[in-house]
Amino acid sequence: MKLCRYGEVGSERPALVDAAGVLRDLSSVCRDLGPSELAPDGLGRIAQTDPTRLPRLEGSPRLGVPFTGLSKFICIGLNYSDHAAEAGMAIPSEPIIFLKAPSAVCGPNDDTIQPRNSTKLDWEVELGIVIGSTARYVTEEQALDHVAGYCVVNDVSERAFQLQSSQWDKGKGCDTFGPIGPWLVTKDEIHDPQQLDMWLDVNGTRRQTGNTRTMIFGVREIIAYCSRYMTLLPGDIIATGTPPGVGMGIKPEPVWLQPDDVVSLGIEGLGQQSQRIRRADHV
């Protein structure tokens, strides 16, 4: 299933995308797409619904974050060897974990707000793992049992803020730095999360091309590893790292996002998203 939420910020309603790509309202089936709906039983109930009996949504409504109830936005740094090389950093011996603030989360096509004093705004297309059932000290063999589905994430980054200290969080957690969606695609639709093509364009120019098979640490290992240090709850998301092609790595000079630039990105089977850059002073 492809699940999503639509409507104005704070008033989103649940929906799904049917086999023909038509957006259908799910409000008669569930009040929202939260932790109980992301659990195996909840997804099972939604899966029994005949999409053709659901109201069809006309036009192009705003899409919000495709689920609610997020308590943690976990990110894995330097998880593609070629991205680590372009960043001039050593390949990590174990996953690098950092967190985005929940207030960074926004809809897939919402504007990205460039913070005040930002000079090095960057992009990162990433595969997002959405947790569907509580995971604590799980093994790699058990890991996918705890997954509700997958989605597209743009790990928007302010490199000047990020690299001011050894802690990356302040360059990663600014408002609107976590676009998620357009959909949560349930795991039954993704045969192998380690074989997904991914891409990102800036103003129509291809900047990133990659595939999840080149991850240093795969989906199973990431879930198991994170669950050793924090309990993963339904609605939590893990962004799994980015392939090469970020602005910081462009030679001979880095390329940074500017106001009115448009970033478009997508992952095979998971849809695509797009953001326009706006200055904080204009918000």
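User: Which residues of helix α5 (residues 219-229) are buried?

Analyst: This is a predicted model, and what follows rests on values computed from it. In helix α5, the buried residues are Val 219, Ile 222, Ile 223, Ala 224, Tyr 225, Cys 226 and Ser 227. These buried residues pack against five strands, namely β4, β5 (96-100), β9 (125-131), β10 (147-154) and β16 (237-239).

The setting of the helix is a protein with five helices and 18 strands. The radius of gyration is 18 Å, close to the 19 Å that the globule rule gives for 283 residues, so the protein is as compact as a globular protein of that length. Along the principal axes, its C-alpha atoms fill a box of roughly 55 × 45 × 30 Å. Of the 283 residues, 58% are buried. Among contacts with a separation of 6 or more, 74% are between residues 24 or more positions apart. The accessible surface comes to about 12,200 Å², and carbon and sulfur atoms account for 48% of it.

The cysteines deserve a separate word. The count of disulfides is zero. For Cys 30, the closest cysteine sulfur is that of Cys 4, at 11 Å, which is too far for a bond; Cys 30 is counted as buried because its relative accessibility is 10%, under the 20% cut-off. Cys 151 is likewise in no disulfide, the nearest cysteine sulfur being that of Cys 75, 11 Å away. Cys 151 has a relative accessible area of 0% and is therefore buried.

Elsewhere, an open sheet of five strands has the order β7-β18-β17-β14-β15, with mixed pairing. At its edges stand β7 (112-114) and β15 (205-211); each has a single partner strand, so one side of each lacks a neighbour in the sheet. On average, neighbouring strands of this sheet are turned by 20° against each other, direction ignored. The partner of β7 is reached through three bridges to β18 (residues 271-279), and the two strands run parallel. Within this pair, Ile 113 has Arg 278 of β18 as its bridge partner.

Arg 53 is exposed, because its relative accessible area is 73%, over the 50% cut-off. The C-alpha atoms of Arg 53 and Glu 124 are separated by 38 Å, the two residues being 71 residues apart along the chain.

Terms used: Residues numbered from 1 in each chain as written. Predicted model: local features only at pLDDT ≥ 70, side-chain atom pairs only at ≥ 80, totals over all residues. Heavy atoms only, no water. Buried < 20%, exposed > 50% of the residue type's maximum accessible area, 1.4 Å probe, protein only. Pairing = 2+ DSSP bridges. Helix = DSSP H or I, 4+ residues; strand = E, 2+ residues; numbered from the N terminus. Axes fitted to C-alpha atoms, helices over the stretch in contact; angles between N-to-C directions. Disulfide = S-S within 2.5 Å. Contact = heavy atoms within 4.5 Å. Rg over C-alpha atoms; globule rule 2.2 N^0.38 Å. Areas by Shrake-Rupley, 256 points an atom, 1.4 Å probe, with all protein chains shown as cover.
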